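Please have a look at the sequence and the model before reading on.

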Amino acid sequence: MKNLVFFDIDGTLATGKNVPESAEKALELLRAGGNLVFICTGRNPEYVKTNFGKYADGFICSNGRYAFMGERVLYSAPLSKEQVRDLADRIDSVNGGCLFFGLEEGFYCGNPDGFETMVRVQNTGSVKNGFDPDMLVYTFDAYLGTPDRIHIIQKALDPVALANPHGPHPSADITVYGVDKGTALRHVAQELDVSMDHTYAFGDGKNDICMLEAAGHSVAMGNALPEVKAIAEHVTTPINEDGVYNGLKHYGLI
């Protein structure tokens, strides 16, 4: 094994569920060279395995709260019941909604207008409508109502969590402070006995900053937010202009 390379999904590796052909080729070459590919995302494990399982050797899901490779769990840090209740109350106070997720199932609570919108992007019918105090929760997405309400949602979450908007979709994935993508990246490297100098991370959004800061080498996509580009070691081309391929080529990984 040579290196661990971590990729965000949305805006980095894929648009929706579509991975550019050049990125597919780049990942194939990367893995053929003995490197391990990890997807590092705010999405839940069931969604990631179903749609992107063929591209990676391992996965960091739920914004860093669950990491695994095959059947081996590398890191697990679910939210407490008290955190889930507090987060739901915060979002409900500004008429938003919450789609909380465990490893394979989830539940929606809050603004009823958001249920169909939020569930539509999931793979299964395993999302319950209504708060479930007993479900083990790793992460959640917030229903905004309209995309321009992101600042209202963020204010409600201050100072316990960070909202990362999903572009034109009226939702955001939420990183609850204390555990993030960077936390999991460090745990994965330690579990696999890989030095941090042999870790690389690609990202574009706010919730990727912690991952880029944790990795030995960081790459911001050409379409990344300005604050992401500002902290990256290297800025590659945009996702649809061979960004992943060019970024890997820059470091001689392919």
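The notes below go from the whole chain to a single residue.

## About the model

This is a predicted model, in which local features need pLDDT of at least 70, side-chain atom pairs count only at pLDDT 80 or more, and totals for chains, interfaces and linings use all residues. Residues are numbered from 1 along each chain as its sequence is written, and side-chain values use heavy atoms, with hydrogens and water left out.

## Overall build

The chain has nine helices and 14 strands; these are DSSP runs numbered from the N terminus, with helices (H or I) of at least four residues and strands (E) of at least two. Along the principal axes, its C-alpha atoms fill a box of roughly 50 × 35 × 30 Å.

## Inside the chain

Of the 254 residues, 57% are buried; buried means under 20% relative accessible area, exposed over 50%, and partly exposed in between (1.4 Å probe, protein chains only). Among contacts (heavy atoms within 4.5 Å) with a separation of 6 or more, 54% join residues 24 or more positions apart.

## A look at Thr-183

Thr-183 sits in helix H6, which covers residues 181-191. Thr-183 counts as buried because its relative accessibility is 14%. Beyond its neighbours within four places in sequence, Thr-183 contacts Tyr-75 and Gly-178.
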